[in-house]
Each structure stands twice: as C-alpha cells, then as structure tokens.
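User: Could you take me through this model in questions and answers?

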Amino acid sequence: MSAITTLDLTPRPGAAPLHRMVLAQAGAEIRATLRNGEQLLLTLIIPILLLAGFSAAPLVDVGGGRRVDFVAPGILALAVMSTAFTGQAIATGFERRYGVLRRLGATPLSRTGLLLAKTVAVVAVEALQIVVITVVALALGWSPHGGPLWAVPLLLLGTAAFSGLGLLMAGTLRAEATLAGANLVYLVLLGLGGVLFPLDRFPGGVRQVLELLPISALTSGLRGVLGDGGGFPGGPLLVLLCWAVAALALAARTFRWE
Amino acid sequence: MTAVGDSAVGDGAPAVEIDGLVKRYGRTTAVDGLAFSCARGVVTAILGPNGAGKTSTIEICEGFRRPDGGTVRVLGLDPADPALKPRLGIMPQAGGVPPAARAGEWLRVVSRFYAHPLDPDALLALLGLTAHARTPYRRLSGGQQQRLSLAAAVVGRPELVFLDEPTAGLDPQARHACWDLVTALRDAGVSVVLTTHQMDEAERLSDHVVVIDHGRVVAEGTPSELTGAERQLRFRARPGLDVEELLAALPPGSAAKESPSGHYIIEGQVGPQLLATVTAWCATEGVTTEDLRIERRTLEDVFLELTGRELR
C-alpha cells in the first residue's frame with residue numbers, strides 16, 4: 001500500500017494537445033516498423049538487393065543507357081509501395097485483429113489523430129528508405145539529372161494512393177487475408193509495374209492497361225523527372241491522383257475498426 | 001438537472017445511468033431491459049454468471065457498442081460523446097495492446113495522450129511490472145498483461161474507470177495489488193465500475209453490487225444488504241445424519257439442511273443456546289463434528305440462490 005500513497009490518483013482528466021498525441025503514436029509506429037524483421041526485409045533489404053543486383057548484372061535489357069539510372073527510380077517507387085501499401089496494410093490489419101484500434105478508440109486520440117500519426121510514420125520511414133537507397137544508388141554510379149523537385153509531389157501522391165489501397169485492404173479483410181494479399185499484390189506490381197522490367201516489353205494493349213497501375217505511374221514519373229530530364233510529370237500525377245482519391249474515399253466508407 | 005454552459009454538462013450526474021437497456025446479437029438477446037445506476041465516488045460491482053450480459057453492458061457504457069434499445073448516460077453524457085474519452089479509463093477483458101510493443105514503452109505512449117498523466121514508471125513499479133518494462137506484450141504472462149492493461153486504464157487520471165474482469169487469471173499477490181489500487185482509486189474520489197464473477201472480490205471491494213442474470217437485474221444493494229444480517233451455523237460431519245431428528249431438537253423457526261453431502265447448515269436464532277443444543281445432539285448421536293462455525297450468509301450463497309446452480 002505504501003507505494004500507492006505516493007501516486008496522486010485524484011481525477012485530473014484532460015486530453016493532451018493533438019500534436020503531442022500524434023507524435024507519440026507516430027513514434028510508436030515507427031519503432032514497431034523498424035523493429036519488425038519482416039517489415040525491414042520488405043522495406044529496405046529487398047529493395048537494396050534488387051537495386052544492387054539489377055544495376056550490376058545485365059539481368060534485363062533496359063534499352064539504352066546505364067542500368068542503375070533505369071533501376072534506381074523504380075526502386076524508389078518500390079520503397080514507397082512497400083511502406084505505404086504492404087507494410088501499412090499488414091500492420092493495420094493486425095492492429096484491427098488484436099483490438100488495438102478499438103483500444104486506441106477509447107483514448108483521447110481521435111481517428112483523425114490516428115490517421116495523422118500513421119501518415120507521419122509512413123512518411124518518416126519512407127524518408128529513411130529514400131536516403132539509404134539514394135546513397136547506395138549514387139555509390140553504384142547513379143547520376144540523376146532532371147527536375148528532382150518534381151519527385152516530391154510524385155512521392156507524396158504515390159504515398160496517398162498506396163496508403164488508401166493498404167487501408168482499404170486492412171479495413172475490410174481478415175488479418176491473415178491482408179497479410180497474404182498485400183504480399184501478393186507487392187510481388188505482382190513489382191513484376192508488372194515497370195519497376196525492373198520495362199513496360200515496352202509488353203504487347204501494346206497490355207502495356208496501356210499496365211501504365212494505369214499506381215506503381216507504373218510512380219515509376220515512370222520518377223524515371224522521367226530523375227533520369228530523362230523531364231519536366232512536369234502531368235500524366236503520372238493524374239493517374240496517382242485518381243488512385244489516391246478513389247482508394248481513400250472507398251477506404252473511408254468501408255473501413256471497419258473492429 | 002440544469003446545465004450551465006458546456007463545461008457543466010454532466011456534472012452532478014451519476015457515474016452511470018442505465019434504463020431499459022436492450023442489446024441483441026442476431027436472435028440472442030444478451031441484455032433485456034436492464035436498469036440500474038452507479039453513484040459517483042464508489043465502487044460498483046456488476047456480478048453475474050457467464051453470459052449474463054456483463055461485458056455487453058460495460059462495452060455499451062464504454063462506447064464500444066451501440067444499444068438496440070433503452071438509454072445509457074455516462075457522467076451524464078451519451079457514451080459515444082468524444083468529450084468522455086479523457087474522463088474515462090478502460091480495461092477491456094483482453095487484448096488491445098500490439099503484441100510486439102514493449103510494456104513500458106506502450107504505457108508511456110498511452111500516457112502521452114493525456115494532459116496530466118501519472119508517471120508511467122511509478123505505475124509500473126506499483127503493479128510489479130518494472131522488471132518487465134522492456135518485455136514485449138506477447139511475452140508477458142496473462143497476469144502481467146492484465147496488470148499492464150489496468151495501468152493503462154488509470155494512467156490518464158480518469159474520473160471513472162471501467163474494469164472488465166480485472167482480476168481474472170491473477171495470482172493471489174497480483175489480485176491483492178489490483179484490489180489495493182481499486183480501493184486507492186475510490187479513496188481518491190474516482191468512480192469504479194467493474195464486472196466479476198468472483199464473489200469474494202465483489203464482497204471485499206464494492207460499495208454497491210448489481211447482480212444480473214439473463215440480461216436483467218435480479219438483485220442490487222450493498223454486500224451486507226444482499227447477504228442480510230442472518231447468521232448460520234455450519235459444520236462438517238459424516239454424511240447422512242438424520243436432519244429431521246436434529247431439527248426436532250432445535251427451537252421452533254430453525255431450519256437445517258445437508259448441502260452438499262457431509263456439510264450441514266442450520267439457520268434460525270443462531271446463538272450460544274443453539275450451538276449448545278447442536279453439540280449436545282451430536283454428542284448423544286456419537287457424531288464428531290469438524291469445522292463448526294457461525295457465520296453470515298456469503299454473497300456466493302445469495303448469488304446461487306438468485307441465479308440457480310445449473311452450469312452455463
């Protein structure tokens with residue numbers, strides 16, 4: 001009993017300011033991601049291995065130009081997809097399953113606050129990925145030329161689109177189905193989204209459809225502004241915007257918190 | 001009750017007010033016209049067998065489920081009102097913590113959601129979790145998980161806490177630590193509503209007991225109101241004594257029964273005279289009594305009378 005008397009249990013309720021709640025939750029989510037071995041495999045190790053492997057060895061015909069200049073923007077797009085979509089879908093799916101979302105709903109952290117925290121966490125992990133991938137790519141001889149500032153809206157809209165798709169999956173499917181589905185979609189989009197295999201290898205009709213995938217839009221947009229010296233990436237931005245609006249709206253309507 | 005400005009809404013209202021509450025799951029009616037209230041600043045125990053509707057009721061109060069009928073006010077407000085969140089502390093029956101989260105870190109994160117939280121480390125120490133602060137939640141024992149969940153319920157310095165079976169699965173030491181914390185909360189002016197099916201817990205901790213069964217209130221009152229002033233004489237002896245013959249030797253108005261086999265209970269004017277009569281009768285019958293004692297009816301006796309003995 002003596003220890004209890006040192007704690008002042010008299011009621012003094014109150015919610016913390018929103019920014020403090022969001023930062024606390026975002027910090028928890030970042031720690032969870034960085035400590036999770038499978039997540040790190042997906043978000044850092046696989047992208048780095050693919051970057052090094054496909055830049056060093058002539059595994060695919062990338063047309064003219066240096067292989068690393070073709071591969072590096074694709075790996076940046078893959079990094080965004082792995083964190084915003086695959087990682088977030090799996091983590092959120094299990095949070096729903098374990099009653100974590102429900103428990104958080106009983107605290108002063110609002111749903112808006114929780115989504116802000118998840119966004120902060122995703123962007124922070126992506127920033128780390130981008131730094132590591134860029135350093136490795138530069139070491140492999142990557143020489144980006146173009147308008148790197150245009151990469152920022154592409155990365156942000158790509159993050160929004162993939163987050164919407166990830167939350168759509170996590171909020172409607174069982175956690176195990178989300179785990180399987182999110183990994184499958186990651187692999188399929190890695191193969192079909194122009195990340196490593198140029199889309200012009202596909203027949204014309206197929207290619208036109210594949211170009212509308214969010215991963216293809218992000219990859220081709222990044223390749224344009226970082227490699228080919230392209231300007232405003234209007235087409236890719238429009239595709240990503242459509243995916244972001246549609247996926248986030250659908251996720252907001254269908255998300256089940258329990 | 002008149003509200004003076006938004007800040008005064010709900011002040012002076014009972015901690016919980018439930019009237020005509022109905023909750024159905026498909027064709028099962030879990031809560032069936034429940035009505036009771038919990039006063040401020042006291043410990044209220046909701047007691048009932050498995051499936052009585054305890055958890056449904058408490059989860060409606062917590063805002064986790066919406067009722068199908070009736071009204072529920074918590075601190076005078078609708079349970080879904082976001083203004084309630086900082087004022088409530090909630091301990092669910094299980095889960096709610098990410099399995100990989102370390103105990104101490106998770107409690108600290110939760111504490112950061114509140115304006116004037118308790119020191120998480122002090123709370124961990126109080127509940128004997130300091131040595132496990134860096135242990136992931138999934139590696140904690142069931143009792144440690146329960147205690148961490150209890151810590152999170154009180155870390156925000158709430159006015160009202162809901163504890164759903166707070167001591168289920170705890171060893172005696174942890175159970176007493178939990179009871180001490182509940183008592184300290186009450187002494188500090190916090191209202192506590194807990195569910196339990198452990199009679200000793202309800203009897204020891206609570207100021208008010210609501211016994212529910214089949215989704216309805218079957219009895220309520222203080223533990224002593226429920227058990228009554230009536231006392232019993234109990235003893236053990238060989239099974240099959242002639243209870244009728246014993247009864248004949250006792251003063252009129254007494255009752256005697258064997259329940260269960262070998263355990264005898266005598267009710268009536270329990271005093272030295274009755275005690276002397278019973279021991280004398282046993283002596284002439286050549287019966288050795290064991291464990292002879294005079295005691296009040298327990299809450300368990302009342303509970304079994306009210307809710308029956310069949311298993312759920």
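User: Leaving aside neighbours within four places in sequence, which residues is Ala151(B) in contact with?

Analyst: This is a predicted model. Contact here asks for C-beta atoms within 7 Å, and once the neighbours within four places in sequence are set aside, the partners of Ala151(B) are Leu107(B), Leu123(B), Leu124(B) and Leu127(B).

User: Which element gives the most to the largest nonpolar core?

Analyst: The largest nonpolar core has 140 residues, and Met81(A), Leu107(B) and Ala151(B) have the most contacts inside it. Apart from this core lies another, of seven residues, including Leu233(B) and Tyr264(B).

User: What is the bridge partner of Arg231(B) in strand 13 of chain B?

Analyst: Strand 10 (residues 231-236) of chain B pairs with strand 13 of chain B in the antiparallel sense over five bridges. In strand 13 of chain B, the bridge partner of Arg231(B) is Arg296(B).

User: What distance separates the centres of domain 1 and domain 2 of chain B?

Analyst: The domain assignment of chain B gives domain 1 as 12-94 + 156-226 and domain 2 as 229-296. Taken over C-alpha atoms, the centres of domain 1 and domain 2 of chain B are separated by 39 Å.

Note on methods:
Residues numbered from 1 in each chain as written. Chains lettered and ligands numbered in written order. Predicted model: local features only at pLDDT ≥ 70, side-chain atom pairs only at ≥ 80, totals over all residues. Pairing = 2+ DSSP bridges. Helix = DSSP H or I, 4+ residues; strand = E, 2+ residues; numbered from the N terminus. Core = buried A, V, L, I, M, F, W, Y, C linked by C-beta atoms within 7 Å. Buried ≥ 20, exposed ≤ 12 C-beta atoms within 10 Å, placed from the backbone. Contact = placed C-beta atoms within 7 Å. Domains from an automatic or database assignment.
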